[in-house]
Amino acid sequence: MSYLVGVDVGTQGTKAVMVNTEGKIIATSYKGYDVIKPQPLWAEQWPDVWLNATYYTIKTVIEKANLEPGQIKGIAISSLYGGSGIPVDKEIKPVAPCLIWMDRRAEAEVNWVKENIDLEELYKITGNTVDSYYGFTKMLWIKNNWPEVWKKINLFLPPNSYIIYHLTGEIAIDYSSAGNIGGIFDIKERKWSIKMLNQLGIPLEYQPQRLVASQEVVGEITKEASEKTGLKVGTPVIAGGIDAAVATLSAGAFKEGNHVAMIGTSMCWGFITEKTNLSSKLVSMPHVIDPLNKVYTFGGAATAGAVVRWFRDVFGRQELEVENKLDINAYSLLELGVKDIPAGSDGLLVLPYFMGERSPIWDSNARGTILGLSLYHSKGHLYKAFMEGVAYALRHNMEVVTDTDLKLDDEIIMVGGVSKSMVWPQIFADVTGYPIKIIKYDVEAPLGDALLAGLGTGVIDNPEILAEWLKYKTVIKPNAKNKEIYDRYFEEYKKVYLNLKENMKVINRIKK
């Protein structure tokens, strides 16, 4: 039997999975870590955290599986939206941390782009607009604020490219990671846009020149990497891609109209299409399957699982203590407090904009808001309102597609930590009106990585075989009565942001 390994380097942890060629999960491993937030709205990470977690998770799945490393035919690496990418020197050593997708410091650069670049042309070429979310604005921030760092830069590498370099000694960037940078990647030609690079003042030579498909073999495991991972020297390493696109593949989405909500630290609700300029309110990049022809387009909330984790850490300390003493999950304990809370949380409304917001509002000044608090409300009311706020954010993104000619499937496939919740999937169904389909054994992006490894090594010849690997739980159907209530709250959700938009902007200026 042959085996494949998939590794996903996420914002708050790295996960690896080993499967056989029939899709059976043999072993999994996870290593968590934190995001560095030196200032409000700043978010950065040093890549050695990712690299060490990758070594650890690979070695652990091999040890758990108790098999000969030679039986592993390939490994693929996906990673978080790497923002600026890791600025490295000529020796491929980091000269500064990676400004990840969550970072919002590049507001002055966004304003400069709006004043100096033809935004219609930018969108026409790249399929994306401008926002401090995009990697190219973060590159400009480094140029403007860290000039000594800028002079030392040889390359910007996305997280998976950096890790693959340390595994193989080879440098390449997959199409999805290149496209996610926005601003400098020509989504129609599938190459760096010399025109936009020149206009923006970002050197072409700062970008990896080897562009590869996500299922392409980049290189082979070196002797040094073998010692750190347990993989056999010469094992093929496959490019992988952006985690949300790979997670969409993992969920069995192959055709236009299939749509998947990946809810981890952030929320990425995405689908596959061949349209490169579907909507300027969404993010587009080449897909991880057939990247020269297909596009992965998504809308996303910057803080989805992150706001619920924040709630747990700040308000759920009692639940965390119980978890530590009795090994009962703190989230499960918090959910027990919402079981009798009605739809709408008795008049509470949360805007989950805790690190600005991406689509569809694209506002880095947006802030988390709790509206409607009274002395009647309990911690359970608040917790449910937080979950409802993220569900409103999903529906807000889905509305963008209703203005296009793309027809969505009648069900949402949902992956990520939310799939383990007893309560949240039903809230998503009730708010959106779409049945929720959850994978029974959800390992998220690493399963798609394992598939890419199989395709790249020839062990697997058809990506759609993954559909045979998946089993689903009972579909969660919307409650019609709750949907009626949520329809009214959702309209207010949109109005509240518009009414408070200017206040949020002014408040941000005051504290500076």
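Residues are numbered from 1 along each chain as its sequence is written, and side-chain values use heavy atoms, with hydrogens and water left out. Because the model is predicted, local features need pLDDT of at least 70 and side-chain atom pairs count only at pLDDT 80 or more, whereas totals for chains, interfaces and linings use all residues.

The largest nonpolar core has 123 residues, a core being a set of buried Ala, Val, Leu, Ile, Met, Phe, Trp, Tyr and Cys residues joined through side-chain atoms within 4.5 Å, where buried means under 20% relative accessible area, exposed over 50% and partly exposed in between, with a 1.4 Å probe and protein chains only. The residues with the most contacts inside this core are Met18, Trp50, Tyr81, Ile100, Phe136, Ile184 and Trp192. Helix 1 (residues 47–65) gives the most to the core, with 8 residues; helices (H or I, at least four residues) and strands (E, at least two) are DSSP runs numbered from the N terminus. Neighbours within four places in sequence aside, Phe136 is in contact (heavy atoms within 4.5 Å) with residues including Val113, Leu122, Ile181, Ile184, Leu200 and Ile202. A second, separate core of 56 residues includes Leu351, Val400, Val401 and Ile438.

Helix 10 (residues 243–250) has 8 of its 8 residues buried, so it is largely enclosed by the rest of the structure. Just after helix 10, Gly252 takes a positive phi of about 90 degrees.

In strand 16 (residues 267–273), Thr273 is buried, with a relative accessible area of 1%. The side chains of Thr273 and Glu256 are joined by a polar contact of 2.8 Å, that is, a pair of N or O atoms within 3.5 Å of which, within protein, one must be able to donate a hydrogen and the other to accept it, residues adjacent in sequence counting only if both atoms are side-chain atoms. A polar atom of the Thr273 side chain also lies 3.1 Å from the backbone nitrogen of Lys275. Not counting residues up to four places away in sequence, Thr273 touches Glu256, Lys294, Val295, Thr297 and Leu406.

Pockets and cavities were defined on a 1 Å grid over the protein atoms alone, a cavity being a set of points where a 1.4 Å probe fits but cannot get out, and a pocket an open set with protein on both sides within 12 Å along at least five of seven lines; lining residues have an atom within 4 Å of a point. Grid points are joined across faces, edges and corners, and a volume is the space filled by probe spheres set on the points.

The largest pocket holds about 1,200 Å³ of space and is lined by 42 residues, of which Tyr30, Gly264, Thr265, Gly417 and Glu444 lie nearest its centre. Helix 11 supplies the largest share of this lining, 5 residues. The second largest pocket has a volume of about 500 Å³, and of its 22 lining residues the closest to the centre are Glu107, Lys114, Trp362, Asp363 and Asn365. Helix 18 gives the most to the lining of the second largest pocket, with 5 residues.

The count of cavities of 30 Å³ or more comes to 3. The largest cavity contains about 90 Å³ of space, and Gly83, Gly85, Pro158, Ser177 and Ile181 are the closest to its centre among 13 lining residues.
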